[in-house]
Amino acid sequence: MATPQFELANPPSDAISAIKFAPASLRLLVASWDKNVYLYDTSESGGRLLQTFPHRAPVLDVCFGDNDDDAYTTGLDWD
């Protein structure tokens, strides 16, 4: 049985350090070494980039909070 796959539109420009799917929707958070967190809507083929959240240093991990509108990140910016 084949696993569904697709390539993200507007992917990060550097290595991906973490990905997390939202618990109650088709949203996807992507943390990257390019100093950004990307929020995608994966209901469309290729995923649609909803928003980019810039950071001052590479982002190492990301997760959703109690709902799909809350997100938490950790990285190398030491703040």
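This is a predicted model: local features need pLDDT of at least 70, side-chain atom pairs count only at pLDDT 80 or more; totals for chains, interfaces and linings use all residues.
**Entry 1: Asp-61 and Lys-20**

I started with Asp-61, which makes a salt bridge with Lys-20; their closest N and O atoms are 3.2 Å apart. I count a salt bridge when a side-chain nitrogen of Lys or Arg is within 4 Å of a carboxyl oxygen of Asp or Glu. Residues are numbered from 1 along each chain as its sequence is written, and side-chain values use heavy atoms, with hydrogens and water left out.

The pair joins distant parts of the chain: Asp-61 sits in strand 5 and Lys-20 in strand 1, 41 residues apart. My strands are DSSP runs of E, at least two residues long, numbered from the N terminus. I then looked up accessibility, where buried means under 20% relative accessible area, exposed means over 50%, and partly exposed is in between (1.4 Å probe, protein chains only). Asp-61 is partly exposed at 34%, and Lys-20 is partly exposed at 31%.

**Entry 2: the other salt bridges**

How many salt bridges are there by this rule? I get 3.

Arg-27 forms one of them with Asp-69, with 3.3 Å between the closest N and O atoms. Arg-27 belongs to strand 2 and Asp-69 to the loop between strand 5 and strand 6 (71-75), so this pair ties together parts that are 42 residues apart in sequence. Is Asp-69 buried or exposed? Asp-69 is exposed, with a relative accessible area of 65%, whereas Arg-27 is partly exposed at 26%.

I also found the side chains of Arg-48 and Asp-41 meeting in a salt bridge, at 3.7 Å from N to O. Asp-41 counts as buried at 16% relative accessibility, while Arg-48 is partly exposed at 40%.

**Entry 3: the sheet and its hairpin**

Strand 3 and strand 4 pair in the antiparallel sense over 6 bridges; I call two strands paired if DSSP finds at least two bridges between them. These two strands form a hairpin with 6 residues between them, and Gly-46 in the turn has a positive phi of about 85 degrees.

Stepping back, I see 4 strands in an open sheet, ordered 1-2-3-4, with antiparallel pairing. Which strands are at the edges? They are strand 1 (16-21) and strand 4, each of which pairs on one side only.

**Entry 4: Thr-42**

Next I went to Thr-42, in the loop between strand 3 (36-41) and strand 4 (48-54). Thr-42 is buried, with a relative accessible area of 11%. A polar atom of its side chain lies 2.5 Å from the backbone oxygen of Leu-26. For a polar contact I need a pair of N or O atoms within 3.5 Å; within protein, one must be able to donate a hydrogen and the other to accept it, and residues adjacent in sequence count only if both atoms are side-chain atoms.

What else does Thr-42 contact, leaving aside neighbours within four places in sequence? Besides Leu-26, I listed Phe-6, Phe-21, Leu-28 and Gly-47. Contact here means heavy atoms within 4.5 Å.

**Entry 5: the nonpolar cores**

I then searched for nonpolar cores, meaning sets of buried Ala, Val, Leu, Ile, Met, Phe, Trp, Tyr and Cys residues joined through side-chain atoms within 4.5 Å. The largest has 9 residues: Ala-18, Ala-22, Leu-29, Ala-31, Val-37, Leu-39, Val-59, Val-62 and Phe-64. Strand 2 (27-32), strand 3 and strand 5 (59-64) each supply at least two residues of this core. Strand 5 gives the largest share, 3 residues. Apart from this core lies another, of 5 residues, including Leu-8, Leu-28, Tyr-38 and Tyr-40.

I checked the contacts of Ala-31 too, again setting aside neighbours within four places in sequence; among them are Ala-18, Asn-36, Val-59, Asp-61 and Val-62.

**Entry 6: Gly-75**

My last stop was Gly-75, in strand 6, which is partly exposed at 25% relative accessible area. Gly-75 touches Pro-58, Val-59 and Leu-60, not counting residues up to four places away in sequence.
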